[in-house]
Amino acid sequence: MSSTIAFIGLGHMGGPMAQNLIKAGHTLRVFDLVPAALKAATDAGATAVDSAAQAVVGADVVITMLPASRHVEGLYLGENGLLTAITKGTLVLECSTIAPESARKVSVAAAQQGIRMIDAPVSGGTGGAVAGTLTFIVGGTDDDLAAAMPYLQVMGKNIFHAGAAGAGQVAKICNNMLLGIQMAGTAEALALGVANGLDPKTLSDIIAKSSGRNWATELYNPWPGVMAQAPASHDYEGGFGVDLMLKDLGLAAEASMQARATTPLGELARNLYALHSTQGNGKLDFSSILKLYHQPH
Ligand code: NAD
């Protein structure tokens, strides 16, 4: 089945996601504020238009992949917001990572216009976006998820239904808060071992087969040279940026306050990554948090 898809936001993630939909035979009408992003999509076979409102004309499905809550609310809501331009009954897949509260607000406004919307934030990074192996964490109704499935399956491999509108964002934030805490904890433990005379590779091998093991020790070791393919062994280039982790830890802190939950380790991790970012490391991979604990001589 070939559909006409309006795709808005063609950055690091949206660009390759749109290209995978084109490869699967869909017709793409695309819009981004950055001309270079539009050009890459048109080179891949998409039709570029001059505004988001133009992109949604005649589209069966609308997909957005924007930086943050304010971009999503700014695009969809308000007197001239995109929801006023989208045809009733159209399916909207909002894939940005944003505050659960924003996702719910936009979803309620969409429902009032008879538009079907799911929040579908992703995990898996730019590598997953290119390979079409993203994990989608969806909030919305069973029916809307079922309708979105053929498109999500083109862009991703694992698709989870977290719950009602906004639940996808909550689950994504919980995962990334834990990831941020675990990476800082792993860096701290390795630095402690090295400060006490251990070899970082030997200690990593021991932890990887002991009870402290986690995703960082298995696949993404923060110590340079321990894992050849990890960003730590490539001057912390590529991967998942410190400022993106900081954004997600900020969303976790907001969600925590909203729900009156307690997240002391998440807050501490947010402060550690904020400090690290202010020291000029915002664009490095988040495993560079190791530099807070250990300076190579
Ligand atoms: P990006 O900054 O590379 O891309 C965002 C794009 O949106 C830009 O090209 C920008 O020009 C465009 N844009 C902003 N406002 C717009 C508007 N009003 N109309 C049209 N285009 C607009 O960001 P990204 O890395 O692609 O991330 C997108 C989302 O995915 C974020 O919410 C991020 O947190 C999340 N995410 C990113 C990663 C990652 O590794 N990069 C991983 C998982 C989730």
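The largest pocket of this predicted model lies between domain 1 (4-164) and domain 2 (170-292), because both domains give residues to its lining. About 1,600 Å³ of space lies in this pocket. Its lining counts 47 residues, and those nearest the centre of the pocket are His12, Met13, Thr126, Phe240 and Leu244.

Several secondary-structure elements each supply at least two residues of the pocket lining: the helices α4 (69-76), α6 (125-131), α8 (167-195) and α11 (242-259), and the strand β7 (122-123). Of the contributors, α8 gives the most, with six residues. By class, the lining of the largest pocket is made up of 21 nonpolar, 19 polar and seven charged residues.

**Ligand surroundings**

The ligand is surrounded by 22 residues, and the closest of them are His12, Met13, Asp32, Pro67 and Lys247. His12 and Met13 also belong to the residues nearest the centre of the largest pocket.

| Residue | Protein atom | Ligand atom | Distance |
|---|---|---|---|
| His12 | side-chain N or O | oxygen | 2.8 Å |
| Met13 | backbone N or O | oxygen | 2.8 Å |
| Thr97 | backbone N or O | oxygen | 3.0 Å |

Apart from the open pocket, how many cavities of 30 Å³ or more does the structure hold? There is one, and the space in this largest cavity is about 50 Å³. The residues that line the cavity are Val72, Glu94, Ile98, Ala103, Val106, Ser107, Met117, Ile118, Asp119 and Gln169. Two elements, the helix α5 (100-112) and the strand β6 (116-119), each supply at least two residues of this lining. Six of the lining residues are nonpolar, two are polar and two are charged.

Technical notes
Residues are numbered from 1 along each chain as its sequence is written. This is a predicted model: local features need pLDDT of at least 70, side-chain atom pairs count only at pLDDT 80 or more; totals for chains, interfaces and linings use all residues. Side-chain values use heavy atoms; hydrogens and water are left out. On a 1 Å grid over the protein atoms alone, a cavity is a set of points where a 1.4 Å probe fits but cannot get out, and a pocket is an open set with protein on both sides within 12 Å along at least five of seven lines; lining residues have an atom within 4 Å of a point. Grid points are joined across faces, edges and corners, and a volume is the space filled by probe spheres set on the points. Helices (H or I, at least four residues) and strands (E, at least two) are DSSP runs, numbered from the N terminus. Ala, Val, Leu, Ile, Met, Phe, Trp, Tyr, Cys and Pro count as nonpolar, Asp, Glu, Lys and Arg as charged, and the others, Gly among them, as polar. Domain bounds come from an automatic or database domain assignment. A residue is near a molecule or strand if one of its heavy atoms lies within 4 Å of it. A polar contact is a pair of N or O atoms within 3.5 Å; within protein, one must be able to donate a hydrogen and the other to accept it, and residues adjacent in sequence count only if both atoms are side-chain atoms.
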